[in-house]
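Please read them with the sequence and the coordinates open beside you.

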Amino acid sequence: MNTIRGAEAVMKSLVAEKVDTIFGYPGGAIMPIYDALYDFKDEVRHILVRHEQGAIHAAQGFARTSGKVGVCFATSGPGATNLITGLADAMIDSTPVVCITGQVASHLLGTDAFQETDVIGISMPVTKWNIQVTRAEDIADAIAKAFYIAASGRPGPVLIDITKDAQFGMVDFQYTPCQSIRSYRPHPVMNDTQIQEAVALLNSAQKPYLLVGQGIVLAEAQAELKAFVEKSGIPVASTLLGLGALPVDHPQYVGYLGMHGNYAPNILTNECDVLLAIGMRFDDRVTGDVNRYAKQAKVIHIDIDAAELNKIIPATVAIHADAKDALSALTQQIEENSHGKWLQQFKELRQVEEQEVIQEAVHPTSEALKMAEVVQLLSDKTNGDAIVVTDVGQHQMIASRYYEYKGYRNNITSGGLGTMGFALPAAIGAKLGNPSKTVVAIIGDGGFQMTIQELGTILQAKVDVKILILNNNFLGMVRQWQQLFFDRRDSFTEIVNPDFVQIAKGYAIEATKITEREALSGALDAFLNSKEAYLLEVVVEQEDNVFPMIETGASVADIRLN
Amino acid sequence: MVQVYNISIFTENHIGILNRITIIFTRRHMNIESITASESELKGIYRYTIVVKTTESQVKKVVGQIERQVDVLKAFYHDDSQVVYQEIALYKIPTDTFMNGGSETIVRAHSARILSMEVGFTIIEKTGQPEELQKLFDELEPFGVLEFVRSGRVAISKPMKTLESYLAEM
Ligand SMILES: Cc1ncc(C[n+]2csc(CCOP(=O)(O)OP(=O)(O)O)c2C)c(N)n1
């Protein structure tokens with residue numbers, strides 16, 4: 001017999017799932033687990049964060065660069081509620097995360113005991129699955145199911161709430177990984193007839209157009225995507241989270257979709273005759289007004305989540321399938337083609353965008369530095385291969401537009417939720433998830449201050465994260481909307497900032513601030529060449545706007561250049 | 001077109017699953033007209049019948065999102081023409097007015113039955129469609145209805161396969 005405490009069963013289960021990194025923060029209700037963790041220090045690295053929101057964003061960053069499940073620990077009550085934003089973020093961006101929270105002893109449940117919250121109730125809408133465990137003997141099975149559910153199908157966050165008595169209870173430990181759940185079918189059986197229908201549509205199309213999302217990355221289908229694209233000759237555009245699914249310098253890649261995306265891929269959405277969408281969910285930031293979205297086109301939608309099919313855009317052929325399976329099948333049957341004239345249309349509109357927007361953005365005539373030139377130079381210096389973690393706002397849109405993502409899983413951002421404060425902790429996790437890569441966090445002066453305390457985590461865990469602050473002294477994206485849609489009434493968007501360099505130095509992180517164009521290249525070199533964490537603050541144009549832009553409620557075809 | 005839809009859901013017997021299901025309606029600002037839940041013909045599998053008034057495009061999306069839940073085995077929706085459905089109602093009326101007023105003929109005419117008769121009150125039960133239950137209520141009202149309660153709807157669809165055959169496919 002192998003009789004151990006529930007808390008130790010937690011650790012042994014995690015080790016059985018090959019967990020080597022945990023992001024967490026201790027407290028009363030999870031103390032038995034932390035006590036057990038003490039004996040696993042050699043097998044499992046625990047990163048002590050400075051706030052539980054940091055723990056879950058770090059776990060998300062870790063999951064997204066490593067392809068593994070991110071894990072975090074938090075105590076009951078406030079510890080658990082601090083996870084909620086990250087759970088919501090992971091839910092909407094399909095990130096596999098397992099959170100383990102401590103809970104008050106089971107006899108106290110429902111009594112408003114000290115640090116008791118209904119974590120199961122609160123987290124239900126923002127988890128793929130959650131469970132409360134009140135007996136030590138149920139711990140191993142709960143963890144096995146949690147890992148299986150988090151990582152399979154459309155991935156997502158799972159929360160396990162373990163009462164303190166279950167952590168102290170004794171159990172004959174045995175771990176069996178979960179391989180199936182009766183009510184849950186994560187791997188859809190592809191319908192070959194539908195694939196044939198899709199192929200027939202694509203083969204006869206004059207202007208076929210492929211939109212890809214994060215589903216490609218999650219299915220690890222980059223190679224299959226490339227093969228399909230090159231055989232079919234179809235132009236490809238990407239959503240925010242799909243960036244890098246096809247290297248941005250691929251000749252058939254035509255750009256980034258949506259509100260601040262590129263000109264051609266948005267406009268020509270309303271000109272294609274067959275629209276093939278894979279692993280993307282037609283977010284409103286991508287579609288603009290759905291009543292004026294690709295109405296002329298036959299739509300083929302492929303997704304692993306059946307609930308996404310026909311949710312926003314009705315599909316002529318809706319295929320419930322894994323992106324990798326579907327792409328392989330499509331490639332086999334598709335006719336070789338090169339849609340030269342159609343691609344040329346994208347190139348011509350690209351020229352317009354180059355002239356009207358890109359030229360001035362990357363080679364500005366203004367005295368002040370512009371975000372785009374900073375990102376462009378960073379992209380050149382890292383050859384598009386660094387892991388770029390962005391926060392939320394103008395700098396995020398600029399990074400998405402101007403960083404040339406060529407690497408594998410190198411685009412990490414908060415897409416669906418748009419969580420300011422995501423980037424700094426996510427970058428910590430991203431680096432630990434893929435230590436051989438340079439990790440650059442691009443953050444606005446506003447968002448940086450939402451999770452700035454994680455500088456302490458960088459200090460303590462010695463994580464080599466490059467922090468690039470694009471400081472415009474405004475909550476820039478909101479200010480842009482105020483300028484465009486609220487008569488320039490800058491209501492509470494000007495922000496008084498602390499001295500970021502001094503703050504970084506307080507955490508023993510090397511830091512530099514630049515304000516002049518001449519200093520940019522050298523500063524970026526020092527930043528990238530440093531062997532440790534480094535903060536570079538670049539003071540940029542205060543009241544700049546991100547263009548192109550599709551206004552809320554406008555059609556993709558009405559994208560504005562200025 | 002907005003109309004009545006009957007949603008049938010089969011789930012594992014896990015704590016919180018009802019909450020997971022109702023959240024999906026709440027998020028879409030959709031009102032639940034009635035809800036019933038109990039164990040199905042298969043042990044350990046629970047069956048929910050939820051009635052909503054909405055459009056087909058909405059109900060389809062909701063059912064998709066319900067079915068996506070890990071602990072949900074299967075979910076279906078049907079309009080009223082595709083199901084046979086019933087509700088049950090209990091009526092409590094004072095025994096003396098009941099005895100003296102000839103209300104027994106009413107009960108018989110409605111194919112209702114007397115469930116219990118005590119000195120102070122009599123309880124009548126009727127199963128039927130909501131309008132039928134209401135009609136009996138209206139006719140009993142002059143005798144003084146002390147209490148009235150109606151269940152949610154239970155529905156069985158006409159075309160559905162057996163649950164077992166679905167489980168076998170899974
Ligand atoms: C947690 C949170 N609060 C508020 C917002 C709304 N919001 C979106 S962008 C933005 C401004 C961000 O400012 P900053 O971080 O300085 O970046 P910039 O836009 O200037 O690049 C705000 C407030 C949000 N996305 N997330």
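1. Domain bounds in this note come from an automatic or database domain assignment. On that basis chain B is divided into domain 1 (3-82 + 158-169) and domain 2 (85-150), and the C-alpha centres of domain 1 of chain B and domain 2 of chain B lie 32 Å apart.

2. This is a predicted model, in which local features need pLDDT of at least 70 and side-chain atom pairs count only at pLDDT 80 or more, while totals for chains, interfaces and linings use all residues, and side-chain values use heavy atoms, with hydrogens and water left out. Residues are numbered from 1 along each chain as its sequence is written, with chains lettered from A and ligands numbered from 1 in the order in which they are written.

3. Chain B contains an open sheet of four strands in the order β2-β3-β1-β4, with antiparallel pairing. The edges are taken by β2 (32-39) and β4 (72-79) of chain B, each with a single partner strand, so one side of each is left without a neighbour in the sheet. Neighbouring strands of this sheet are turned on average by 15° against each other, direction ignored. Helices (H or I, at least four residues) and strands (E, at least two) are DSSP runs numbered from the N terminus, and two strands pair if DSSP finds at least two bridges between them.

4. Within this sheet, strand β1 (residues 3-12) of chain B is joined to the antiparallel β4(B) by seven bridges, and Ser8(B) stands opposite Phe76(B) in β4(B). Helix α2 (residues 56-67) of chain B packs on the sheet, where it touches β1, β3 (45-54) and β4 of chain B, and its direction makes about 165° with that of β4(B). Contact here means heavy atoms within 4.5 Å; axes are lines fitted to C-alpha atoms, for helices over the stretch in contact, with angles from 0 to 180 degrees between N-to-C directions.

5. The pairing of β2(B) with β3(B) is also antiparallel, over seven bridges, and places Ile35(B) opposite Ile50(B) in β3(B). The hairpin of these strands has five residues between them, and in it Gly44(B) takes a positive phi near 85°.

6. Two backbone details in chain A deserve a look. A cis peptide bond, with omega about 0°, joins Phe547(A) and Pro548(A), and Pro548(A) is found in the segment after β20 (534-539) of chain A. Ser94(A), a residue other than glycine, has a positive phi near 55° and is placed in the loop between α5 (84-92) and β5 (97-103) of chain A.

7. Which domains of chain A give residues to the lining of the largest cavity? Domain 2 (192-346) and domain 3 (369-539) of chain A both do, so the cavity lies between them. Its volume is about 110 Å³, and of its 13 lining residues Val217(A), Leu241(A), Arg409(A), Asn410(A) and Asn411(A) lie nearest its centre. On a 1 Å grid over the protein atoms alone, a cavity is a set of points where a 1.4 Å probe fits but cannot get out, and a pocket is an open set with protein on both sides within 12 Å along at least five of seven lines; lining residues have an atom within 4 Å of a point. Grid points are joined across faces, edges and corners, and a volume is the space filled by probe spheres set on the points.

8. The second largest pocket has a volume of about 620 Å³, and β6(A) gives the most to its lining, with five residues.
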